[in-house]
Amino acid sequence: MGTKYANAVAAVRAMENSLLSRSDIEQLISSATRSELENIVAAKRGTGSEELTLEGVWDTLRGYAPDCRELEILLYRNDFHNLKAALKSMIAGKEPQGYYIRPTNLDLEALYPVLSAKEYEQLPEYISDTAAQAYELLTRTLDGQLADSLVDTACMKAMQAAAEKSGSDFMKKYAQLVTVCADIKTAYRCCRMKKQRSFIETAVCGSSGLDKEQLVRASLGGTEGLFSFLESTSWGDAARLLAESPAKFEKWCDDVIMELAEGARMQAFGADPLAAYFIAAEAELKNLRIITVCKESGTDRETITERMRKLYV
Amino acid sequence: MTNGLVLAILGAALAALLAGIGSAKGVGLVGEAAAGVVSVDPSKFSKVLILQLLPGTQGLYGLLTAILMLSRIGVIGSGAAELTTAQGWSFFIAALPIAVVGLISAVFQGKTAAAGVGITAKKPEHNGKGIIMAAMVETYAILALLVSILLIYNINI
């Protein structure tokens, strides 16, 4: 790690001051109107500052550490989502722009034309093969769900490979956690939808944290089989929460990632604090979205508090 | 010019050179971190500046040692002394504590001070703690300076 990114990490430390704290979140939950909520957020950010967006956070981080390749792994999920959006838009004959997620490592202006021309080699290496395979599968079977599974699994594999290549323990753990969460979610859905083994094998990625073969076998035994298998692994907490409610499991997934990010709070150098800040901003935006939606739907205070993701600061 | 004098001058040069390199690295690292904070919050400039200055002292100690040594052997002032090889080695060795410890301590102090910049960024009211932590590293540079000075003034010429 050395003393890399001293400048970027120090800037991130200063920016962390404008992230919402636990007491800010409490205030937001107590706010009566949307304008009151917006005022609290604006007061925290300071006058004249821009609205917090993931694109803005990403641009800032890249501005401070343009050569930090590890950070790109954080956007792989968006990249593969954008691939799915472009492919499906192409099949449906629609404009994909409205379906894209930003920030992304891909050139979104070029993505659709590149896929249309089947010039997959122009895409980054980690996604080009998947693009070709997904296009072939989608045009051959017209099964969007199967193509989605293929792309999602490829995304997890690409994340793990890139993390391994980076040599960063933080990124390796991040890729592992993201994969485990996605695999458990997929396995649960497959159980509920009584999917065949062949589909589950395509949809589940597997990682060093959760063995693919065992998970597939457990999924074929229904939700009970899945939960009892997960109880025997280190993901027992996740299984119990998933059995209670998928929303609680979703929160757990976000929280374990945040717990990983918290470890980077004590570091003065390296890429980990930069990645942690991005994760923190992601969690904050998710919390704000939950509060706004819950307020609009008249959800009670306790339920909103329960749904709040762990905070970084 | 005798071999002894050459060795003594080499020692003086090393004291200034190595300690100066260490300081440049240390100050540069803290400067990077400080610039990161100031780019987000310019009001913290004065606080991070103190931290940036800390690893700069080793360079000054190296300079001080070099001047004292050059003055003692007469290169500055009365005219260069005719030093034996043994005396030259003695001066050379006398310069080593501040040269080596100055280099290493300045780099490590830079790292500590850069981490202290993070404290200033997040909790400006605890800025002093960052300064104290970085200043602790200074102790060893001061001890090395003291040893170098004692040696320089206790060599018979």
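Helix α3 (residues 34–45) of chain A has twelve residues and should span 16 Å at 1.5 Å a residue; its end C-alpha atoms lie 17 Å apart, which agrees. The expected span is 1.5 Å times one less than the number of residues, and helices (H or I, at least four residues) and strands (E, at least two) are DSSP runs numbered from the N terminus. The model is predicted: local features need pLDDT of at least 70, side-chain atom pairs count only at pLDDT 80 or more, and totals for chains, interfaces and linings use all residues. Residues are numbered from 1 along each chain as its sequence is written, while chains are lettered from A and ligands numbered from 1 in the order in which they are written.

**Chain A**
- A:Gly46 follows α3(A) and has a positive phi, near 95°.

**Contact between chains A and B**
- Chain A contributes 14 residues and chain B 17 residues to the contact, where two residues are in contact if their C-beta atoms, placed from the backbone, lie within 7 Å.
- On the side of chain A that touches chain B, helix α1 (residues 6–16) of chain A supplies the largest share, ten residues.
- That side of chain A comprises nine nonpolar, three polar and two charged residues.

**Chain B**
- Chain B holds five helices and zero strands, in the order α-α-α-α-α along the sequence.
- Along the principal axes, the C-alpha atoms of chain B fill a box of roughly 60 × 20 × 20 Å.
- Among contacts in chain B with a separation of 6 or more, 84% join residues 24 or more positions apart.

Key. Ala, Val, Leu, Ile, Met, Phe, Trp, Tyr, Cys and Pro count as nonpolar, Asp, Glu, Lys and Arg as charged, and the others, Gly among them, as polar.
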